[in-house]
Amino acid sequence: MSKQLAKDPLNIIICGVGGQGNILAAELMASALVEKGYFTSVGETYGASQRGGSVMSHIRVSASTEYGVLIPLRQADIIVSFEPTDTLRVARDYANQTTIVITDSRPNYPLGVLIGEAVYPSMEKITEELQKISGSVQIIEATRLAMDAGNSQAANILLMGSLTALPQLPIDADDFERMLEQRFFGQTLELNRKVFKLGYEQEEK
Amino acid sequence: MEWMITADQPGKTYLMQGNEAVCRGALEAGIRFAAAYPGSPSSEILTMLGHVAENMELYAEWSTNETCALQACLGASFAKVRSLCVMKQNGLMVVGDALHSASLSGVKGGTVLVVADDPSAHSSTNEFDSRHQARSAALPMLEPANMQEAKDMVKWGFELSEQLQQLVMVRSVTRISHGRSSVTLGELPALKQPPAAIGEWDRLVAINWFKDAQTAKIDQARAIFEDSPFNSYKGPENPDLIIVTCGSGWLYSMEAVEVLNLQDSVGILKIGTTWPLPENFITRYLARTNKVLVVEEVDPFLEQNVANLIAYHPELKIELMGRHGQKVLPRNGELNPDVVRNALAQLTGAIYKGPETVIVPPEEAVILPPRELTFCAGCPHRASFFLLKQTLRIQEGQGVVMGDIGCYTMGGQRAGHYLFNFLCCMGAGISAAEGLGQLTRFGFDQPVIALAGDSTFFHTCMPALVNAKFHDSNMLFVILDNSATAMTGFQPHPGIGLTAMGKSAQPVSIQKVVEAIGCPVTVADPFNIAGTTEIVYELLKQPGLKVLILKQECATLAVRKRQKARVWVEPDLCRGDECGCGRFCSRVWGCPGNIWDYEAGKAKIDEVVCVGCGVCATLCPAGAIKMEGGEACE
């Protein structure tokens, strides 16, 4: 028996900083869902910044109808994030008391912090607030794990492994891996497969 | 993705980006010609068509500007070849004259112009609404409400264009162009039409004689639109309120009605053919209600055209609401599901109960550092702005800096030390500098600097440079040549020697163009901070027009080609806060690769972010930043 859609529409946000592979991750996840026959819409917000700006993708999944590409405020069911302060920024707008939050703990310092005008908050403080405003918070050191596996850039695929493992998602590991096979080959495919599995196992723990 | 837009799998459904759907629609229509100038959110369209051009037997080019692109399409259309032209909203403003003239002459082969607007200006300096141009130029216009329609409308647009012998405009927005949803593929044509011969007496001439023909075409379009499948009504027979909507507003409206449980009292009239309006179709539904809410992106264009229609139909008794006068929807900015749902709730008295949430009071909330836009790690613009700011600080007289449009527009913000005094549109920096530089004769003695990127140079700076040269304005024109149209995703331009179809071509040298115009030109490396600062200092002292090319490849492109050097901070050499440099590398230089290790109290390199340009190593006063291996930046 394959997994079922936990809620209709299921609203997923994938967010982080430009250059972290957020858009590709969302595209692969949504493609896997379309292949399973779900109405899936994706909205991407990345603004003028190629690198370094906040980036957010909304994925909306339904068995019955097509939805607009943006998730209403407070209605994200799952937030997957590659950057802790962006996790909190997004959760403040989109999380509710049942939202599942999965976040990397590695900071990407904004300009104000580099310059010394702003302070980067501690992971403890961020987690504490995330726990108050969401249903559950899970920290996965995706960038470090991906770096150890061969390339920090693969953190996006690693976190897609963790997302796929959630019981709320109506897809299995094979469904996502097929998307990887469609898009990558050679060493990149091998690395992506490896980190996807790593991420999947992180969630299973 | 290229394989998806060319897949010979009619009936197969894929997740497609709106821009991919546009490509697919054009390929299903059998286009043989495509031209565009990059601009978010439209840029992916020609990038993909360029990649598949050879296989799909079409020609695709990145034209030097939008006017060139549209007129090239008209040329191809003259030989009865189907042509697709693509641009963003600003581009359409550049094209104004060409657009209105083309509408007078009409077209031969089907010609579709896709314009992608950017509500809320996510990646633009404005949120111009392109639709006014369709009305002004008397062109039929279609507005897709989802990705499937983006494909279907583009495809049908070619048929309509040939039927009317008129240019057809398709207006997309960011949430369509940069959104994704399911698209079911249609058939690709087996055979492509060869170009038709143009006879001695064939004409494509834009002159006022054809005004009546132009009007007849728009009337004919109106009649065709009356039966268009892109227009539909869903709702009760006699609703309390009808939402008239188009584009991305449609799905937000559907969701609002569903969430508020108003299926029995609110109807949705979706209009896909937004100019000219199918008046009979709309009037028929408006007669069933006396309250109308118009939901659309950016200006109250549909709303005011519906208002017009009501004015001509005294039998309609309607309270019209929307963005005009800010009755229920905000006048400016992008729509979203919340804004539309709240407006509908306000109008109907329906109660919305959202999920249970906890809001942390501001005094307990973590203070989040804002994530400002900044130049990428290793970006040559960071070096250029730093050295220009430095020069302006040491030379006499308050320099005035005229900015332009590109990644370097960020130079007007903190990332570029707030260098700009002036910013308008593409090519405006040098033109405005020319005017300012003429005031020397009346005693204006401040140095004037204009900046522009390489792609912008070709786009609109060349006539301005001729103007500045001929009239010998007192100014320094700095061309930030990073060998890419970087902001929109690294599209090639004439200076690079690569076409949209991936072919090598003889590059047009910016330096030679400038020299041919008769300007003295200096080429320098922005990564050589000290040397280039001296060059700028000397140039500013000279009278008349000077041109400086700061040449260094975009870091994001360069890092893909070169072996990356390892850059690190030698902890024993970094003196930390004792140094007196005030944490120069992370605080002043501001590259995301230069971070501060608060535990050690010393500088550090973020190895994930650093691209190994090594410029910070040349600037560290303690010589603590080291660099090893890798290939040097040329």
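Chain A has eight helices and six strands, where helices (H or I, at least four residues) and strands (E, at least two) are DSSP runs numbered from the N terminus. From the N terminus on, these elements follow the order β-α-β-β-β-α-β-α-α-β-α-α-α-α. The radius of gyration of chain A, 16 Å, is close to the 17 Å that the globule rule gives for 205 residues, so chain A is as compact as a globular protein of that length. The radius is taken over C-alpha atoms, and the rule is 2.2 Å times the number of residues to the power 0.38. Along the principal axes, the C-alpha atoms of chain A fill a box of roughly 50 × 40 × 35 Å.

The model is predicted: local features need pLDDT of at least 70 and side-chain atom pairs count only at pLDDT 80 or more, while totals for chains, interfaces and linings use all residues. Residues are numbered from 1 along each chain as its sequence is written, with chains lettered from A and ligands numbered from 1 in the order in which they are written.

Of the 205 residues in chain A, 59% are buried; a residue is buried if 20 or more other C-beta atoms, placed from the backbone, lie within 10 Å of its own, exposed if 12 or fewer, and partly exposed in between. Among contacts in chain A between residues at least 6 apart in sequence, 67% join residues at least 24 apart, a contact being two residues whose C-beta atoms, placed from the backbone, lie within 7 Å.

In chain B, an open sheet of six strands has the order β3-β2-β4-β5-β7-β6, with parallel pairing; two strands pair if DSSP finds at least two bridges between them. The edge strands of this sheet are β3 (59-62) and β6 (141-142) of chain B, each pairing on one side only. Strand β2 (residues 33-36) of chain B is joined to β3(B) by four bridges, and B:A34 stands opposite B:A60 in β3(B).

β2(B), α3(B) and β3(B) make a right-handed β-α-β unit, meaning that, with the strands pointing away from the viewer, the path from the first strand over the helix to the second runs clockwise. Helix α3 (residues 44-52) of chain B has seven of its nine residues buried, so it is largely enclosed by the rest of the structure. Among these buried residues are B:I45, B:L46 and B:M48.

Next comes the contact between the chains. Here 50 residues of chain B are in contact with 53 residues of chain A. Elements giving two or more residues to the chain B side include β1 (13-17), β8 (179-184) and α11 (249-259) of chain B. β8(B) gives the most, with four residues. The residues on this side of chain B divide into 22 nonpolar, 17 polar and eleven charged; Ala, Val, Leu, Ile, Met, Phe, Trp, Tyr, Cys and Pro count as nonpolar, Asp, Glu, Lys and Arg as charged, and the others, Gly among them, as polar.

B:R180 in β8(B) is the bridge partner of A:V42. Within chain B, β8(B) pairs with β1(B) in the antiparallel sense over five bridges, with B:V183 in β8(B) as the partner of B:Y14. Five of the six residues of β8(B) are buried.
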